[in-house]
Amino acid sequence: MTRELMKRTVCAKSIFELWGHGKSAEELYTSLKNYPVERMLPYLQSDSTYKIGIHTFNKTLTQVEKIRKIDALEFLPFGGKVNLKKPEHVFWILEDYGMDPNNIPEDPLHLYFGRWIADGQRELIESYSVKRRHFIGNTSMDACLSFIMANHARVKANDVVFDPFVGTGKASRKNQKWRGPDENIRANLRQYGLEKYYLDALVSDASTPIWRKGMLFDAVITDPPYGIREATRRTGSQKEISKSTEKSTENHVFVSSNYHLSDIFFDLLKFSAEYLVMGGRLVYWLPIYRPEYTEEIIPQHPCLKLISNCEQMLSSHTSRRLLTMEKVKEFKDQDQYSHLLDSQYMPYKGHNSFRDKYFSGVTKRIAKEEDDNQK
């Protein structure tokens, strides 16, 4: 189970079976001597191979220092042979020298020793880095956050996953106004050998129903527009804009109109409630103006249960919340117009509400920096 978990995570670097720890070398050795020998012996047999490594946080040790610290563990009942290339069992000394690179203590603040079990998947962050991606847009999601979102959605083999706000398709590399003919999502998946998992992309309005009835998706994973780098707009007609309620079959030209953040979230939750399979998950980002944040503003829907709410700081006054919701109730006709509470709407009611607050904070910060520079 532990190894299966580490095959999915990009947040954890490694996991160990802890054998001993202390705030000094002496405390570590005492802790190790008190560890049950019967739990050590399966990994210290005479017919086995092993190696001991040492990892330091916030300090670099010389090779001589490393060997001295490893040799000090000779009291442990190692019966096997050392094999530095392909050992059966790997043990690590971990030394923590604090978080301040300008004030590194002579001795570690805490020491740990244990048996290595498995590594996480942090190398995937570099492998799938946006910097080396064939095509990137204005709002391409950071690779690490993308993996975290997929894990929150519990995506597994053969799941059908939908992103209703996949992006505008605009190129965002420096000095590039338009994307090339092969700059698209399919090309990105081809770059990583994943093209066979790609179904399709379509251009439509997230506020307008286009799907047949029925549960279609195992997960909905998305990052809705906040109105910062991409506008929050939706298609409409002149009749809609003039608030005419008359029905007409006449042809009309579609135009764009404001798409309030409150409406974006309401449409997203309603869509997920209707088209997710039972137990399927919606994972999305909610922009937050931190001085006004309370848990009461988190969008809700009677068919969806909030599973987790994680904050990523953007600035001193703004952040965004990674929200994970699970479908726990079948979507019925009476849920079609399940509106958010008025108090939940308030922070997002204005078309540019979050945008205005975001840039007001930026303006204040710039003004403060200018004042500080003039002093």
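Tutor: Before we start on the sheet, one term: two strands pair if DSSP finds at least two bridges between them. Keep in mind that this is a predicted model.

Student: Got it. Which strands form the open sheet, and in what order?

Tutor: Five strands form it, in the order β6-β7-β10-β12-β11, and the pairing is mixed.

Student: Which strands stand at the edges?

Tutor: Those are β6 (161-162) and β11 (304-313). Each has a single partner strand, so one side of each is left without a neighbour in the sheet.

Student: Parallel or antiparallel for β6 and β7?

Tutor: Parallel, over two bridges, with β7 covering residues 217-222. If you want a spot to look at, V161 stands opposite A219 in β7.

Student: And on to β10: how many bridges does β7 make with that strand?

Tutor: Five bridges, and β7 and β10 also pair in the parallel sense. There, F217 stands opposite L276 in β10.

Student: Why call β7 largely enclosed?

Tutor: Because five of the six residues of β7 are buried, the strand is largely enclosed by the rest of the structure.

Student: Which helix lies across these strands?

Tutor: Helix α9, residues 261-275. This helix lies across β6, β7, β10 (276-289), β11 and β12 (318-327), and α9 runs at about 165 degrees to β10.

Student: Let me pick a residue in the sheet. Where is T318?

Tutor: T318 belongs to strand β12.

Student: Buried or exposed?

Tutor: T318 is buried, and its relative accessible area is 0%. Its contacts beyond four places away in sequence are I288, Y289, R290, M313, F354 and Y358.

Student: What joins the side chains of T318 and S315?

Tutor: A polar contact of 2.7 Å.

Student: Changing topic: where does S129 sit?

Tutor: S129 is in the loop between α5 (123-127) and α6 (143-152).

Student: A loop residue, then. Is that one buried or exposed?

Tutor: Buried, at a relative accessible area of 11%. Leaving out residues up to four places away in sequence, S129 touches A143 and Y192.

Student: Now the cysteines. How many disulfides are there?

Tutor: The count comes to zero.

Student: Zooming out, how many helices and strands does the chain have?

Tutor: There are 11 helices and 12 strands.

Student: How much of the chain is buried?

Tutor: Of the 375 residues, 39% are buried. The chain exposes about 23300 Å², and carbon and sulfur atoms supply 53% of that area.

Student: One last thing: what share of the contacts with a separation of 6 or more comes from residues 24 or more positions apart?

Tutor: That share is 74%.

Technical notes: Residues numbered from 1 in each chain as written. Predicted model: local features only at pLDDT ≥ 70, side-chain atom pairs only at ≥ 80, totals over all residues. Heavy atoms only, no water. Helix = DSSP H or I, 4+ residues; strand = E, 2+ residues; numbered from the N terminus. Buried < 20%, exposed > 50% of the residue type's maximum accessible area, 1.4 Å probe, protein only. Contact = heavy atoms within 4.5 Å. Areas by Shrake-Rupley, 256 points an atom, 1.4 Å probe, with all protein chains shown as cover. Disulfide = S-S within 2.5 Å. Axes fitted to C-alpha atoms, helices over the stretch in contact; angles between N-to-C directions. Polar contact = N/O pair within 3.5 Å; in protein donor to acceptor, adjacent residues only side chain to side chain.
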